[in-house]
Amino acid sequence: MEEIKPTTFYTVYGVPQLDQSNQQALLYLYQPIIGSQALALYLNLNADITLTGKSQEIMHTDLLSAIDLGLPNMIKAREKLEGLGLLESFEKKDTELGLQLVYQLHTPMKPETFFQDPIMSYLLLNKIGERRYQRLVDRFKPANFNKKGLKNIAKTFREIYNIQESNFEANAEVLKQTQDMFVEETLDKGFDWETFNHLIQKFKIHLNDQTKKAIESLHIMYAVNEIEMADFVGKASVGETQHVDLNYLRQLLGKQDKPSEEKPVKVKPESFTKGEARLLEESKKFPPVQYFKAIKKQKGVSTQNNELKLIEKMLTQQKLTSGVVNILINYALVVQKQSYLNENYITKIAQDWSAQGIDTPEKAISRLKNNNQKFVKKKSSTNFSQRKNFQTRTEALPEHIKQPPVESSLSEEKTAELNRKLAQFLNKEGDN
C-alpha cells in the first residue's frame, strides 16, 4: 500500500446530518471506547459531506489542521473507527493525482441497538466501569408503557389505505428500481481472522484447522460477523485446553437466524428471464440457513440436523459459495418439490458443481439449464412478493446424478402459494 501524505486527496460518502440519537450514541457510548481523537475525526469527516451524500475532493492537510493531529495519530484514530464499523476506507490510483482515498462513513448504532450488542456493551463496561455503565443504561433504557387495562382502537393499514393489486403490480418494476437505489453498497471482505483472533484472546482458545474451516462456513451460513462470532465461540469453548465444541456452537447459532446485510448483486436482464433474475437476487441476499429454514417453514416440514450439516459440508468440502448453495436448496425443495435434502442426491450435484467451477448463482442456473433441468417461468409479477413457482422440464438428469426418492408432488397452486409465502416471510425477516 502506498503511503498516505498530507497532500493526498480524499472523498467522503455518508449521511450528511446525524440525528440526536446518533449524536448521543457517539458522545456517550462510542467516545469512551474510541477516544476523543477518533470522535473528532468522525465528526470532521461527517462535516465534509454535503447534502448530495458526498464531499468534494479534499486534501488531508485540511483535515489534519481541523482535528489538530499529526498524520500518524490520524491514521490510528481512523483505524479505531474502522474497527467498530463506523468507517470504511478505500484507495484508488489516479494517473495524474496519484493515490486517492475514499471514506465511507457509517452512522453509529442507536443506543437501544448498542446495548443489545454484547460485545459493544462489554467494551463500554470495560472502559468506564460498572457504576457509570449502569448510569448510561438507565439513561437510555426505553420507558415502559403499561398497556394493561387499555384497549387498542387504532385503525389498521388495510382499513385506511386501499391498494389495488393490479395497479401495484403495474408499477412493481419502478418500485424495485427505487428500492435498489437506497440499498447501501458493501464489499465482501471474507472472514477477518485478525480481528477475530484479537477478540478471542481473553478466552485462551486453541483453534485447529478443522475448527477454523467450520467457523468460516458457519460465518457464511448464519451471516454472523467476526465480533458476534467471537462471542458465540467464547460461549462454546470447553475443557481445560479451551477447545471449541462445534456441535454446541452450531446449536447457539441455530437459535438466532438473521438476514444478511449484503446487497444482492444485479444480474443482466438479457441473460436470464425475469423470474430467474429474481431468484438470483434472492440467493445473494439471504444466508443459506435462513433461506433453507424459510422454505421448510412454508412447506410445513421440520428442519433436520443432518440437513444443516449437509449445508455446512457444501460450504467447506465442496467449497460452494453461499449463493450457489441457495440455488441448490431452491432446486431440491421448490423445483423438485422434495420435503428434505437427500444427502446422496445433493452431494452428487454439489460435487459436480465444484468440479465444474460453479462459483456463482448465475453459473449454477446455467448448469441446471444445460443439463436439461431448465426453469420454465410461469406468468408472474416482477415483484418479489408476488413471484410464482419455477417449474422444471421432465428430462432426465445427467447419468452420474441419481434422482432423489420420489415423493408426492405439491400441486402447482400449492407450490405457487409456497413461493409467495416464502417471499413474504423473507421480506419480513429482512425488515427486522
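Helix 12 (residues 226–235) is largely enclosed by the rest of the structure, because 8 of its 10 residues are buried. Buried means a relative accessible area under 20%; exposed means over 50%, and partly exposed lies in between (1.4 Å probe, protein chains only). The buried residues of helix 12 are Glu226, Ile227, Met229, Ala230, Asp231, Phe232, Val233 and Gly234. Helices (H or I, at least four residues) and strands (E, at least two) are DSSP runs, numbered from the N terminus.

The model is predicted: local features need pLDDT of at least 70, side-chain atom pairs count only at pLDDT 80 or more, and totals for chains, interfaces and linings use all residues. Residues are numbered from 1 along each chain as its sequence is written, and side-chain values use heavy atoms, with hydrogens and water left out.

The chain has 20 helices and 8 strands. Of its 432 residues, 43% count as buried. Contact means heavy atoms within 4.5 Å. Among contacts with a separation of 6 or more, 71% join residues 24 or more positions apart.

Nonpolar cores were examined next. A nonpolar core is a set of buried Ala, Val, Leu, Ile, Met, Phe, Trp, Tyr and Cys residues joined through side-chain atoms within 4.5 Å. The largest core holds 59 residues, of which Phe196, Ile215, Met229, Leu249, Ile311 and Trp353 touch the most other members. Helix 17 (residues 322–335) gives the largest share of this core, 10 residues. Leu249 touches Ile215, Leu218, Met229, Phe232, Val233, Ala236 and Val244, not counting residues up to four places away in sequence. A second, separate core of 38 residues includes Ala25, Tyr42, Leu45 and Tyr103.

Aromatic rings were then compared. A pair of aromatic rings is described by the distance of the centres and the angle of the planes. Rings of Phe, Tyr and Trp (its six-membered ring) pair if their centres lie within 6.5 Å; planes under 30 degrees apart count as stacked, over 60 as edge-to-face and the rest as tilted. The whole structure contains 6 aromatic pairs. Phe114 and Phe115 form an edge-to-face pair, because their ring centres are 5.6 Å apart and their planes stand at 80°. Phe114 is buried, with a relative accessible area of 0%. Phe115 is partly exposed, at 21%. The rings of Trp193 and Phe196 are also edge-to-face, since their centres lie 5.4 Å apart and their planes are at 90°. Ring pairs link Tyr30, Phe114, Phe115 and Tyr133 into a cluster.

Trp193 and Phe196 are both buried. Both lie in helix 10 (residues 193–199), 3 residues apart, about one turn of the helix. An α-helix has 3.6 residues a turn, so residues three or four places apart point the same way.

Charges also sit over rings. The criterion is NZ of Lys or CZ of Arg within 6 Å of the ring centre and within 35 degrees of the ring normal. Lys212 lies over the face of Trp193, at 6.0 Å from the ring centre. The charged end of Arg139 sits over the ring of Tyr28, 4.2 Å from its centre.

An open sheet of 4 strands has the order 2-1-4-3, with mixed pairing. Its edge strands are strand 2 (58–59) and strand 3 (87–94), and each pairs on one side only. Two strands pair if DSSP finds at least two bridges between them. Strand 3 pairs with strand 4 (residues 98–105) in the antiparallel sense, over 8 bridges. Glu88 stands opposite Gln104 in strand 4. Helix 4 packs on the sheet, touching strand 3 and strand 4, and its direction makes about 125° with that of strand 3. Here axes are lines fitted to C-alpha atoms, for helices over the stretch in contact, and angles run from 0 to 180 degrees between N-to-C directions.

Arg78 is found in helix 4 (residues 71–83). Arg78 counts as buried, at 8% relative accessibility. Its contacts are Ile4, Leu41, Leu87, Ser89, Leu101 and Tyr103, not counting residues up to four places away in sequence. Ala77 also lies in helix 4. Ala77 counts as buried, at 3% relative accessibility. With the sequence neighbours up to four places away left out, Ala77 touches Gln37, Ala38 and Leu41. The C-alpha atoms of Ala77 and Leu41 are separated by 7.0 Å, although the two residues are 36 residues apart along the chain.
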